[in-house]
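Hi everyone, thanks for coming. Let's have a look at the model together and then walk through a few of its features.

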Amino acid sequence: MDASERRVSQRLSARLPVVVEGSSQPLGKTRDLSFDGLWIDTTSAPEHGSVLSLVLQLPDRTVRLSGQVVRRLSDGIGIEIVDIGSEDQRVLRRFINEFTSVQGTWRTVRSLLVDDREILPVTQPEKIRALLDRAVAKRVTMHVLPEGKDFRDSVTLSGLQGDVLEARGGVHVTAGDRVFALFTLDFVSYTFAVEVRGATAESLQLPLPTSIAYSERRESDRIAAAEGVGLSWQAPWLPSGRARYAVLDTSPGGLCFRVEGHACALVPGAELPEARLDHQDHSVALRHATVRNIIPKVDGTGAYLRVGVSHGVQRGELQPARVETRPRSWLGRMLQKASELVSYSLHTTVEKSPLRAQPAGPRKVRFKRGRFELVGLLDRTSESDERQRCPLVLVVPGFGGRKEQMSFFANILVQGFRYANEDIAVLRIDGSNNLGESEKDEDCRDDGKHTLHYTISGTVDDVHAALDWARRNEMIDPTHIILMSFSMGSIAVRHVLATAEAADVGLWVSYMGASDIQDAVIHVSGQHLDVFGVQGSLGTCSLIGCLTDGDRFVADFKQLGIGQLTDARREIAKVTADVVWLAGQHDAFMNIERVRDLMSIRAEGTRELIEVPSGHVPTSGGEAIKQFVEISRRVWWHVHRSSMPAFSPSVGQLARLSQREWKRVRTERLTSREEWWRRYLLGQGGMGFDVLELAEEYADLMSLQARVADVEGRDVLEIGAGTGNLTRRLVEGQPQRLVATELVPEVLERLRTKLADADVLETLQLDAEGSPIVAIRRWLHGDLPGLGFLTERVPGISRGDIALLEERWGEITHAALQGFTVEHDALAADAGWSVAMRQLVADIGRLSRLARGEVDVATTTAELERLPPSATAGAVGLPFPDQSFDVVVMSLVLSYIDHPQDLLWECRRVLRPGGRLVLSSMIPDADSSKLYLDLVNRLQELPEEGLPEGHTRESLLASTRAYAESAAELLRLEEEGHFTFYDGPELSQLVQRRGFHSPEIWHSWGEPAQAVVVACERR
């Protein structure tokens, strides 16, 4: 196979039928497949380069794709996937990742046998036999993993004779091997460990296990109920004494039924006494049947209510409400973006207008907690200074959190209540010894040390102080007190609510909350260890990029006795307040299984778990708005016991208020971008950023960009190449010439070392950031609409100067500004310019000549009369002639550029007509928790021979933790406004405004995707 056919993604063995669409005969079977191609064993001989419409038959569904024949041998053909629908692509990826991955199976086995979750063992012989009998009857597929080996066999259970379990399929283990066996039956995963009794190439005999571990994991799919199945419960007011409704569908631990709206007297949280599931001549009692949600529905017969019911108390049997993010059509997305743009522009214009009254924004509140002063922001529907009687929501941050993070929530809640002409107030606080303005211990006030003395008991004291303020302040007389907590803050709030001192709190909302400390610390740190059993000193630890005193932190929660899941269960059973818990289905930092466990425990208050398709950190953008609207509805219900009137939050107002808050607290820009990126990319030893190459999701992103760049035989420029992970893939694409640029010299040296044998590669140290000279160049080419934009880009030019220039504009002045030679007398006569203005015009002309390349930087700087030397600082643009390249690639670069429009303009300049631009960005509120934990698990499961040469498992884990810490810091810098991440439509609009057309959008880096890729062409 030549270099153009090399695969950068892992190929996996699989024998799957393939058919040419429209043909009744199979083309052949796959020998292996990957995310971007497959090999088919076939005697057919389609032409090299021909494109085939293929149907790939997976075990449970089909995938349609278009593939080009890129290799042909006598026994088969190599296919490159050139077109595949997003849904088919998702199905194929899921098959490869979840059903063909040995590591994925090992992870599941490990979760059942090693994880500290409560796993339920089956040890009674009669129950084991009954379980296996059912599995055999259903011909269940079982995965068999030999201990210490990196492969698995997938077999079908075929019989249970005496004490021997038989299976059929391709078998590679031998008698005497110790194996782990894993199978799923009725949505429950089971595993056991035994020694193989007998094996052939096609059959397997295992002894009857003495113990089987299982963990119930209800899938999102529901099973339609059989005809005649009904739910009944005690209703003495009815003639029959019982209410009964037909069940629509069921799932382990839950069901739902239909009821006409006028006949529904139920509310969420209502218990159904003596509930039974009836079917024909038998019925089953349901323990603790509780209404979880009531959802309006419409079908062909009209409107009705769909009532969801949970029953039982075991972990996993809680019936969660689900808030799905439904994909909009192209037109819907564009209309939404247009609406947001108009809203944002309107509020920007209104904010600058002196004739319109503006929302006053939050009011800063200060109050004491012992020796500390806490600082909060109070948002209210009323802007009166008089004391307001209304519900009060207190928002408690998590570890490393601050009050500004919840700006969207506070303003959405206030907007919703104001729309319904009802009052509410929201107080967001910073925690002591946490990020934000609240006080810290004296030795924790320097940058990087703010969270050094963070403890759970400190947050507990903060919550008590906030509650005391709520009861005694002069601004709000609360009719209801509601607590909302984020992440680790939920542990402290739960501890407070378990005491009689918080009896006046009626509702607790836990947003992406931690179930218990031990699990949260393990997941956030990536270290699978029992922090309670650590010997010696932990010293200073880094959790999601924030330093903390590990010994102080552990000693604190051990003293409180609240570290483990059993402690959390004990406490939540004492919480009398209603609880609404919003959990991310993709949040790997907070274990959703343990949250379900807690929320299923009976207590005096109601419990509602809302599961959303997101990760851990959405605090702005579309996902967050949807989630905060859901929470607002629960707050309204708690206060008014009725449905909240529908409202659409003003995106423009939310954005402006949030920006105003962050602008007030924003720190200075990074003092040394080069040093920050050196640390981010190289780390402190180990692999640094390169450890991501071991993550399939990251490899997918790099491969996608290389594929859509289509570099074969072309001149290519890669800006911000980093350590060369994409560069390597571009080299494999066989460009004619590849120039890779990078800001940090040491990073560039690592790239050169990696690709020392790449003859087509040239490297260049380059700062891609825009400069005043690039802005001048854009103005000269008409890309900036007027001189006014230069006031923000060129030091020393004031708005007054520009206003005077525009007022007295003349042809001579215009020529002088463009850099043409003009006599001083002629310039003075043109508009009666003063000496100072003549000097300014001449200086701008000098910058124009520099932008055209007619003079050098040193000469220009020396000749400046009025503008400061900083007017010539920075690069004068990309150091390449116009139309030098066919392809420009920027992977995860544009977000970190102060002036992205400058860089995109320069990219267009150096591209030839029809040239291709490929760029990517992390999405707004990107969540790396799942990617991080998946990589940690993969590193822990890799066999020794699979580790990269020269690296130990611990060094790789240390590099992974260092990356996670840097990624968390990166997201905080985004939140504070230093960096800007883009979604697909935003990135598409950005490039179109710079003269590119035909943008195509892809999503990658995990499921759900955490990055967007856009490819477009130069006009």
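So, at what angle do H14 and helix H17 pack, and how far apart are their axes? The angle is about 35°, and the axes of H14 and H17, residues 745-754, are 9 Å apart. Axes here are lines fitted to C-alpha atoms, for helices over the stretch in contact, and angles run from 0 to 180 degrees between N-to-C directions. Helices (H or I, at least four residues) and strands (E, at least two) are DSSP runs, numbered from the N terminus.

Who makes that contact, meaning heavy atoms within 4.5 Å? From H14 we have Glu674, Arg678, Leu681 and Leu682, and from H17 Pro745, Glu746, Val747 and Arg750. That contact divides into four nonpolar, no polar and four charged residues. For these classes, Ala, Val, Leu, Ile, Met, Phe, Trp, Tyr, Cys and Pro count as nonpolar, Asp, Glu, Lys and Arg as charged, and the others, Gly among them, as polar.

A word on where this comes from. This is a predicted model, in which local features need pLDDT of at least 70 and side-chain atom pairs count only at 80 or more, while totals for chains, interfaces and linings use all residues. Residues are numbered from 1 along each chain as its sequence is written, and side-chain values use heavy atoms, with hydrogens and water left out. The mean pLDDT (the predictor's confidence in each residue, from 0 to 100) is 81 for the protein chain, and 83% of its residues reach 70 or more. Do keep an eye on residues 114-120, where pLDDT is below 50; this stretch has 22 contacts in the model beyond near neighbours in sequence.

Now the cavities. A cavity is a set of points on a 1 Å grid over the protein atoms alone where a 1.4 Å probe fits but cannot get out; lining residues have an atom within 4 Å of a point. Volume is the space filled by probe spheres set on the points, which are joined across faces, edges and corners. The search of the whole structure finds eleven cavities of 30 Å³ or more.

Conventions. Contact means heavy atoms within 4.5 Å. On a 1 Å grid over the protein atoms alone, a cavity is a set of points where a 1.4 Å probe fits but cannot get out, and a pocket is an open set with protein on both sides within 12 Å along at least five of seven lines; lining residues have an atom within 4 Å of a point.
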